[in-house]
Amino acid sequence: MRVEELCTTRIFDTADRPNIARFIFLDSRARSYYGDWGQARRMTAAMLRLYVGRDPLNQAITAVIEELSDRSALFRQDWARQEVYEHRSGHKTFLHPHLGPIAVTFDGFEMPGEKGLSIVTYSAEPGSVDAERLGKLPTWARGEQAATWR
């Protein structure tokens with residue numbers, strides 16, 4: 001389970017197929033999910049630009065870009081920056097509604113032989129409050145799942 005999945009139990013409640021770009025630009029909950037929502041927005045637009053540049057005929061990517069362009073002035077603004085970003089490593093802060101902010105370092109690893117598939121790892125400074133909170137996520141998530149199954 002990814003940190004994003006653990007941080008908020010209902011982050012991708014949607015009738016459509018879950019999509020992080022839609023969440024970031026179209027769901028008001030995204031503003032309270034990321035420690036720096038503006039950066040998350042700009043990076044997401046820049047990553048979409050990278051993906052569409054790699055596969056310009058991909059109808060799924062094009063459809064998301066068109067939808068976001070139609071529905072989000074902030075996406076149009078971020079898209080117009082013409083930035084390109086490959087999401088391989090960096091730092092993020094997630095704002096967990098019960099545990100508080102969790103600052104993590106992430107690293108993405110492409111899977112050899114599996115085009116488009118990657119694994120992203122998240123870690124926190126050992127002994128830090130962030131590491132403690134990160135360690136509590138699985139227990140918290142199990143408790144939330146159990147509560148929803150009753």
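The legends below describe several close-up views of one predicted model. Residues are numbered from 1 along each chain as its sequence is written, and side-chain values use heavy atoms, with hydrogens and water left out. Because the model is predicted, local features need a pLDDT of at least 70 and side-chain atom pairs count only at pLDDT 80 or more, while totals for chains, interfaces and linings use all residues.

**View 1. The fold of the protein comprises six helices and three strands.** From the N terminus on, the elements run α-α-α-α-α-β-β-β-α, where helices (H or I, at least four residues) and strands (E, at least two) are DSSP runs numbered from the N terminus. Of the 150 residues, 34% count as buried, a word that stands for under 20% relative accessible area, whereas exposed stands for over 50% and partly exposed for values in between (1.4 Å probe, protein chains only).

**View 2. The largest nonpolar core has 27 residues.** Such a core is a set of buried Ala, Val, Leu, Ile, Met, Phe, Trp, Tyr and Cys residues joined through side-chain atoms within 4.5 Å. The members that touch the most other members are Ile-24, Tyr-34, Leu-48, Ile-65, Leu-68 and Phe-75. At least two residues of this core come from each of helix H2 (20-26), helix H3 (37-54), helix H4 (59-71), helix H5 (73-80), strand S2 (100-110) and helix H6 (129-149), and the largest share, five residues, is supplied by H3. In soluble globular proteins, nonpolar side chains tend to be buried together.

**View 3. Ile-24 and Thr-44 are in contact.** Contact means heavy atoms within 4.5 Å. Leaving aside neighbours within four places in sequence, Ile-24 is in contact with Ala-30, Tyr-34, Trp-37, Ala-40, Arg-41 and Thr-44. Thr-44 has its place in helix H3 and counts as buried because its relative accessible area is 7%. When residues up to four places away in sequence are not counted, Thr-44 touches Ala-21, Ile-24 and Phe-25.

**View 4. Six aromatic residues form one cluster.** The members of this cluster are Phe-23, Tyr-33, Tyr-34, Phe-94, Phe-106 and Tyr-122. Rings of Phe, Tyr and Trp (its six-membered ring) pair if their centres lie within 6.5 Å, and planes under 30 degrees apart count as stacked, over 60 as edge-to-face and the rest as tilted. The structure holds eight aromatic pairs, among them the tilted pair of Tyr-34 and Phe-94, at 6.0 Å centre to centre and 40° between the planes. This pair links distant parts of the chain, with Tyr-34 in the loop between H2 and H3 and Phe-94 in strand S1, 60 residues apart, and both residues are buried. The rings of Phe-106 and Tyr-122 have their centres 6.4 Å apart and their planes at 45°, so this pair is tilted too. Phe-106 lies in strand S2 and Tyr-122 in strand S3, 16 residues apart, and both are buried.

**View 5. Gln-82 has a positive phi, near 60°.** Most residues other than glycine have a negative phi. Gln-82 is found in the loop between H5 and strand S1 (89-96), and Gln-82 counts as exposed because its relative accessibility is 59%.
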